[in-house]
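Thanks for coming, everyone. Let's walk through this one together, piece by piece. Have a look first.

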Amino acid sequence: MEKILELKNKKILVLGLSTTGFAAAKFLLRAGADCFLSDSNELTDENKTKADILKNAGVKLEFGGHSKEFIEGAKFCVLSPSIPPNTPVLKLLEELNIPYFSDVELAYRIKSDKTKIVAITGTNGKTTTTMLVSHILSGRYFAPATGNVGVSPLDYLCPSADDKFSKDAASKIKALSDVEPDFLVIEASSYQLHYIKDFAPNTAIFCNLTPDHISWHNGIENYFKDKAKMYGNMDENTNAVLNFDDDYVKNISTRANKHYFMLNSKGGTNDAYIKDEKIYYGAEPVINIKDVPIVGAHNLQNVMCGIIAAKTAGLSNELIRKQIMTFKAPRHRCEFIIERNGVSYYNDSKATNPEASNVAIGAFNGKRTVLIAGGRDKNTPLDEFCELIKKNIEKVVLIGEAAQRFAEALNGAGFKNIVFSKTLEEAIDEAGRETPDVVLFSPACASFDMFKNYEVRGDVFRDYVLSKKSGAL
């Protein structure tokens, strides 16, 4: 509580009325700060409700630009994480000697010693790992999933608004819990980690690294450095969970205790690995692979991350195994929808690049699988994508703007069983026509040619599959 009191009556700036900015402003109000929020965009109908809540609770708002008069005098600034590093307002903050950082940095600085942090980063698998770690730890502790999953860790801090707010205002800015968590499990994006200063989690998990957000970070080396930044702040009392099968990740330099997870090697005392169709931690088997409810080698890696995080938190193998077996995949991430007439339908709409789809395609090796792919093309290389399709996929149904380029790449690689569909619903009907073992919707593309976002796209897939009467698919 002492740390929170340091904010009382201090001018604090928030940049951007995003999910992060909204959560930061609410937290600052609860902490008694004098909160100013500035957004470069004009106020939209979509954001009006959030703006009204903050305004009625006492936040000063500015839209359509960042003025010096509005900004100057702030003790520090909390950034919406997607703001690019070369944005002029950041130079203005530096000229005014106003420190700026992301919400995860503020959460780290303001939390009590009771609350430990598990941070998860990487290119693919972050959300599944975050949700899984939260689920496993929740077998004993209060350990909510936060961060890039859509809930700021600040939403769980400073639980009560003081008496200066009306009952209505207090209800709209209150924290998500009246009790501070034992653990904050944080999915940490490369954007958030770019803007950290001292952030040092108790346990930090690095799933993997493949090229993504390269233009924002100005190259893969900077992308990696931003993700690895938190490890430089950690000490010998903390734990680094690293992918031994990833050359970038396994060689991270840190003072933290290293724990490796691996698919193809036998690990040591602090490592997770696979032997005799079981996942081991050190010398002890924790769970049989057949009992893991999420599919694919990538999810076995995610499970190993969860096991290591749980073991460092003191959980027993029995409790860890029970929690893993009751876990369900997050929506849109190789999410099992239904089995009908012997066909299993999987929604992997979150796969917005070929690298993510490659992981899903490999998960169904040995099964007769039809892939639905396509959308807005990111113009990324398709060589590995095509080779994996040749090895694992029986037929490809293509949709969206990328369909023609994908078809040309597949034809060039020698794969010919390709069908074009005008809509996702038509593609689903086509994919199930010959009753394969699996229909996998893993687009390898952005959604914006046909849908608002990947969540809407995945919901359309799920709803259409579930709406069909038995025998219709």
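Start with a sheet. Five strands form an open sheet in the order S3-S2-S1-S4-S5, and the pairing is parallel. A word on names: helices (H or I, at least four residues) and strands (E, at least two) are DSSP runs, numbered from the N terminus. Two strands pair if DSSP finds at least two bridges between them. At the edges stand strand S3 (60–63) and strand S5 (100–101); each has a single partner strand, so one side of each is left without a neighbour in the sheet. Strand S2 (residues 34–39) runs parallel to S3, joined to it by four bridges. In S3, leucine 61 stands opposite leucine 37.

Some ground rules before going on. This is a predicted model: local features need pLDDT of at least 70, side-chain atom pairs count only at pLDDT 80 or more, and totals for chains, interfaces and linings use all residues. Residues are numbered from 1 along each chain as its sequence is written, and side-chain values use heavy atoms, with hydrogens and water left out.

Now another sheet. Six strands make an open sheet, ordered S15-S16-S20-S17-S18-S19, with mixed pairing. Its edge strands are strand S15 (335–340) and strand S19 (418–420), and each pairs on one side only. On average, neighbouring strands here are turned by 20° against each other, direction ignored. For angles, axes are lines fitted to C-alpha atoms, for helices over the stretch in contact, and angles run from 0 to 180 degrees between N-to-C directions.

Which strands does S20 pair with in the parallel sense? One is strand S16 (residues 343–347), which pairs with strand S20 (residues 438–441) over four bridges. Another is S17, also joined to S20 by four bridges and running parallel. Phenylalanine 441 in S20 is the bridge partner of asparagine 347. Isoleucine 372 also stands opposite phenylalanine 441.

Is S20 covered or uncovered on its faces? Both faces are covered: Val438 and Leu440 on one side, Val439 and Phe441 on the other, all buried. Buried means under 20% relative accessible area, exposed over 50%, partly exposed in between (1.4 Å probe, protein chains only). In a regular strand the side chains alternate between the two faces of the sheet.

Helix H18 (residues 424–431) lies across S16, strand S17 (369–373), strand S18 (395–398), S19 and S20, at about 170° to S17. Helix H19 (residues 454–467) lies across S15, S16, S17 and S20, and runs at about 20° to S15.

Next, arginine 376. Arginine 376 sits in the loop between S17 and helix H16 (383–392). Its relative accessible area is 32%, so it is partly exposed. Its contacts (heavy atoms within 4.5 Å), leaving aside neighbours within four places in sequence, are Glu401, Cys445, Ala446, Phe448 and Asp449. Take phenylalanine 448: arginine 376 is 72 residues from it in sequence, yet 6.1 Å in space, C-alpha to C-alpha. With glutamate 401, arginine 376 makes a side-chain to side-chain polar contact at 3.0 Å. A polar contact is a pair of N or O atoms within 3.5 Å; within protein, one must be able to donate a hydrogen and the other to accept it, and residues adjacent in sequence count only if both atoms are side-chain atoms.

On to helix H13. How far apart are its end C-alpha atoms? They are 23 Å apart, which agrees with the 22 Å that its 16 residues (297–312) should span at 1.5 Å a residue. That expected span is 1.5 Å times one less than the number of residues. Of the 16 residues, 12 are buried, so H13 is largely enclosed by the rest of the structure. Among the buried ones are Leu300, Met304 and Ile308. Just after H13, glycine 314 takes a positive phi of about 90°.

Last, the cores. A nonpolar core is a set of buried Ala, Val, Leu, Ile, Met, Phe, Trp, Tyr and Cys residues joined through side-chain atoms within 4.5 Å. The largest has 62 residues, and Leu7, Phe27, Phe199, Phe206 and Tyr231 have the most contacts inside it. Helix H2 (residues 19–30) gives the most to this core, with six residues. A second, separate core of 34 residues includes Val241, Ala272, Ile294 and Cys305.
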